[in-house]
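Hi everyone, and thanks for coming along. Let me put the sequence and the structure up on the screen, and then we can walk through them together.

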Amino acid sequence: MAEALVRFEGVRKAYGPKGAGYAVKQLDLAVQRGELLTLLGPSGSGKTTTLMMLAGFEQPSEGRILLEDRDIARLPPHKRGIGVVFQSYALFPHMSVAENVAFPLEVRGIPKADRAARVARALSMVRLEGFGERRPSQLSGGQQQRVALARAMVFEPPIVLLDEPLGALDKSLREEMQYEIRALHQRLGLTMMYVTHDQAEALTLSDRIAVFEGGLVRQLATPRRIYEAPANGFVAGFVGENNRLPGRVIESDGPMVRVALDCGPVVEARIVDTGGAGSRCFVAIRPERVAVAPVRADDLGEGALAARLTEAIFQGDHLRLRLSLGEGGELLAKRTVGGGPVPEIGAIAAVAWDANQALAFSA
Ligand SMILES: Nc1ncnc2c1ncn2[C@@H]1O[C@H](COP(=O)(O)OP(=O)(O)OP(=O)(O)O)[C@@H](O)[C@H]1O
């Protein structure tokens with residue numbers, strides 16, 4: 001069992017009077033030593049509030065926060081020894097890069113003689129050797145964010161918190177920095193808590209992801225499990241693309257359920273959290289799991305459904321196919337380029353998927 005570095009125990013947070021609602025409703029969460037844990041969720045779901053309570057800029061209304069088994073709820077931020085990186089780089093513009101990185105050491109009373117070597121080491125970790133004399137304004141956005149990262153790591157904190165640190169960067173730089181942060185985390189064995197609303201970023205970076213909604217963690221698991229085995233309809237819809245086919249439960253049989261889709265067809269799916277016969281539900285199936293083939297001689301093939309291809313968009317490594325299914329149903333499929341014949345636009349196509357890959361959620 002990995003060891004917990006940080007523990008949130010029964011934490012709740014109301015900003016105003018409690019009757020007005022909680023920004024964090026109930027949080028029991030352990031961050032393991034050496035892991036990169038991402039808090040992922042839509043705007044307003046409580047991610048930043050959680051991070052701020054750990055950093056010490058907000059106080060929980062209830063519950064305890066433990067760092068290395070010590071309750072830190074009453075400690076001010078600078079006594080917690082936690083590194084924080086925000087979206088806005090928050091570098092001091094009038095100081096050089098080296099002075100910015102040295103600042104946390106100065107505040108902690110590290111002798112001047114020791115500072116230079118530690119600053120140089122932190123700058124080399126983020127590949128900014130030789131940039132120490134520059135001012136932040138003489139650096140690109142990505143470089144400034146690396147300085148902020150160096151400043152958060154220079155005093156070797158037990159955990160580094162990052163709140164949408166790449167939010168201000170353009171897409172390609174963002175992706176490059178994601179790999180850099182991940183590499184840094186792995187190389188140094190750093191424990192990190194990372195906030196983002198970008199699910200692709202969370203999948204790329206994380207050891208584990210906590211998916212937030214409405215002040216609650218809806219699932220806590222590895223990126224792979226979050227993607228392949230979402231615990232509820234919210235996670236299925238929020239992480240990655242998913243077809244959502246509404247319908248009604250006909251009957252369940254062991255782990256499987258038969259669903260009459262609102263658009264007409266009856267399909268089988270694996271039960272996640274559906275109710276009994278007659279209850280509303282939806283079936284989620286990933287676009288890459290939907291096989292699409294031209295119909296030959298009016299024969300759909302066993303287990304396939306008939307759908308009309310309405311759109312095919314070339315996206316380089318794959319085709320995005322849009323299909324209409326039955327009465328008013330819409331289905332998205334992805335297939336690799338060169339992966340067999342594609343039906344013509346407007347033609348009836350045979351669509352099929354493995355029933356085990358279709359997940360049924362209560363609606
Ligand atoms: N200082 C504050 N005073 C009052 N309410 C706040 C404050 N900060 C956040 N809230 C409210 O608490 C809830 C959770 O906000 P929080 O910033 O934690 O969400 P988030 O998931 O980080 O969203 P975002 O991605 O937009 O930053 C929201 O409803 C928000 O309006």
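**A strand covered on both faces**

Let's begin with strand β8, where both faces are covered: M192, Y194 and T196 are buried on one side, and M193 and V195 are buried on the other.

Two quick notes before we go on. This is a predicted model, in which local features need pLDDT of at least 70 and side-chain atom pairs count only at pLDDT 80 or more, while totals for chains, interfaces and linings use all residues. Residues are numbered from 1 along each chain as its sequence is written.

So who are the partners of β8? Strand β3, residues 36–40, pairs with β8 in the parallel sense over 5 bridges; two strands pair if DSSP finds at least two bridges between them. In that pairing, L37 stands opposite M193. Strand β7, residues 160–163, also runs parallel to β8, and 4 bridges join them. Here L161 stands opposite M193. Between β7 and β8 the chain passes through helix α6, residues 171–188, in a right-handed β-α-β crossover. Right-handed means that, with the strands pointing away from the viewer, the path from the first strand over the helix to the second runs clockwise.

**Two glutamates with a positive phi**

While we are around β7, have a look at the loops on either side. E156 is in the loop between α5 (141–153) and β7, and its phi is near 50 degrees, a positive value in a residue other than glycine.

E164 sits in the loop between β7 and α6. Its phi is positive too, about 45 degrees, although E164 is not a glycine. With 19 C-beta neighbours inside 10 Å, E164 also counts as partly exposed.

**Around the ligand**

Which residues are around the ligand? They are Y15, A23, G41, S43, G44, S45, G46, K47, T48, T49 and H197, where near means a C-beta atom, placed from the backbone, within 6 Å. This shell divides into 2 nonpolar, 8 polar and 1 charged. For that count, Ala, Val, Leu, Ile, Met, Phe, Trp, Tyr, Cys and Pro are nonpolar, Asp, Glu, Lys and Arg are charged, and the others, Gly among them, are polar.

Now find helix α1, residues 47–55, with 7 of its 9 residues buried. The buried ones are K47, T48, T49, T50, L51, M53 and L54. Just after α1, G56 takes a positive phi of about 100 degrees.

**A hairpin, a barrel and an open sheet**

Strands β9 (residues 208–213) and β10 (residues 216–221) pair in the antiparallel sense over 5 bridges. They form a hairpin with 2 residues between them, and G214 in the turn has a positive phi of about 55 degrees. A210 has L220 as its bridge partner in β10.

Next comes a barrel: 5 strands close in the order β11-β12-β13-β20-β14, with mixed pairing.

Another 5 strands form an open sheet, in the order β15-β19-β16-β17-β18, and the pairing is antiparallel. Its edge strands, β15 (291–294) and β18 (329–336), each pair on one side only. β15 is joined by 4 bridges to β19, residues 348–352, and V292 stands opposite V351 there.

**The whole protein**

Let's zoom out to finish. The domain assignment gives domain 1 (4–234) and domain 2 (243–362), with bounds that come from an automatic or database domain assignment. The C-alpha centres of the two domains lie 40 Å apart. Altogether the protein has 9 helices and 20 strands, and its C-alpha trace spans about 80 × 45 × 40 Å along its principal axes. Buried residues make up 37% of the 363 residues.

How values were computed. A residue is buried if 20 or more other C-beta atoms lie within 10 Å of its own, exposed if 12 or fewer, and partly exposed in between; C-beta atoms are placed from the backbone.
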